[in-house]
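Student: Could you take me through one part of this model up close, and then show me how that part fits with what surrounds it?

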Amino acid sequence: MNHDALRAVWVSHPDAHKENLMTVMNAVLEEDRSACETDRWVRVAAVIAVGLLCPALLWFAAYGRTPLVRGGYSLMAMGTAMVLFAQWLHRTWSRQALPGAADARSELQKLGLAVSRQASLFRTAPIWCAPIFLGAVLIGAWVYQERSVGGGYLLWATVGTAWVVNWMTGFSKARKLTERRSQIESLLSEFDEAR
Amino acid sequence: MAQFGCLMEAYAGPIRRLCGAYASRSADREDLFQDIFLAVWRALPSFRGDSSERTWLYRVAHNVALSWQTRDRRRSSRETALQGNLEPSDIMDLRRLALNQAVAAMSPTDRTLTLLWLEGLSAIEIEEVTGIKSTNVAVRLSRIRKHLSPVEVST
């Protein structure tokens, strides 16, 4: 079998003749439309958070009853801003990670960098979410002192659980992304060797 | 939209074959096929005609396929690529099966080069798609062709 014969065998692939292109095209356009819609809703949610949540938290931070309450709400406002910023970073890097039309090596480098940044972001999630949790702990301290001991303990337990869940989720996502990054790096090193 | 339709019409076959080399299960192949054309649709506004339409489309397609391969939920796809679904009925099918299996067993770089070569791209065009120098592409392809000679023997 010569090289042309190999190519003839290759192009006789049965899959090449069985598609309904109109269906695929509609599915592609629908997926793109739905991704744009999701993007729009995320932006709307971010605007609502910035427009409503942050001012409310800042109001409590300024006019709260005691220093504990004011400190708690200040931390929560700061934490909310940090979470929104992290969310914006994540979406930016996700867009950067989408495959483009550069050569394969450049695309793998770009993808590796974006995935590595996302992994770091998830790994450090407990740190940049910390102000929200610490703020809630301070509010819990106020509840414990001024309202009810049980209520204080309940709030602390809830905050502690949420922080642990946040840490575990972030760590698990970071681990998956790190694995993917090592796969990308091994692909990239193969391309570099071939170069 | 019309340009996208024309691209799909013209390149559906080659892209199907590329998907076949990366994914074993029919659902995965459909998924990858759709992902590739979604990326093409999104990249189309930035196509300025600096390179030929064909190399541009192959660049997008291979980038999507390589990225797809690194996603953990589908990591096992390559190892089993095209072993279960084909039922050879004639000599052409047997040859195709042997060729598919040989391509699926290659390293990602060799597989990319082989797929592009099998689709009829020149070494210069392969350089444009992969970023590997055309001289090295030629050397590597000659080694790959030797590696593919048992395919002939087996059929």
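This is a predicted model: local features need pLDDT of at least 70, side-chain atom pairs count only at pLDDT 80 or more; totals for chains, interfaces and linings use all residues.

Tutor: Leaving out residues up to four places away in sequence, B:L18 touches B:A61, B:A65 and B:L115. B:L18 also belongs to the largest nonpolar core, a set of 55 residues. B:L18 is among the members with the most contacts inside that core, along with B:I36, B:L57, B:V60, B:A61 and B:L116. As for who supplies this core, α3(B) gives the largest share, eight residues. Another core, of 13 residues, lies apart from it, and A:V69, A:Y73, A:A136 and A:L138 are among its members. As a general point, nonpolar side chains tend to be buried together in soluble globular proteins.

Now for where the two chains meet. The contact takes 49 residues from chain B and 39 residues from chain A. On the chain B side, the elements giving two or more residues are α1 (2-22), α2 (26-43), α3 (53-69), α4 (91-104), α5 (108-118), α6 (123-130) and α7 (134-154). That side splits into 19 nonpolar, 16 polar and 14 charged residues.

From chain A, have a look at α4 (residues 104-123). Its 20 residues, at 1.5 Å each, should span 28 Å, and the end C-alpha atoms are 28 Å apart, so the two agree. Buried residues in α4(A) include A:L108, A:L111, A:V115 and A:F122, and also A:E107 and A:Q118. The buried residues of this helix pack against α3 (67-96), α5 (125-128) and α7 (149-194) of chain A, and also against α3, α5 and α6 of chain B.

Key: Residues are numbered from 1 along each chain as its sequence is written. Chains are lettered from A and ligands numbered from 1 in the order in which they are written. Two residues are in contact if their C-beta atoms, placed from the backbone, lie within 7 Å. Helices (H or I, at least four residues) and strands (E, at least two) are DSSP runs, numbered from the N terminus. Ala, Val, Leu, Ile, Met, Phe, Trp, Tyr, Cys and Pro count as nonpolar, Asp, Glu, Lys and Arg as charged, and the others, Gly among them, as polar. The expected span of a helix is 1.5 Å times one less than its number of residues. A residue is buried if 20 or more other C-beta atoms lie within 10 Å of its own, exposed if 12 or fewer, and partly exposed in between; C-beta atoms are placed from the backbone. A nonpolar core is a set of buried Ala, Val, Leu, Ile, Met, Phe, Trp, Tyr and Cys residues joined through C-beta atoms within 7 Å.
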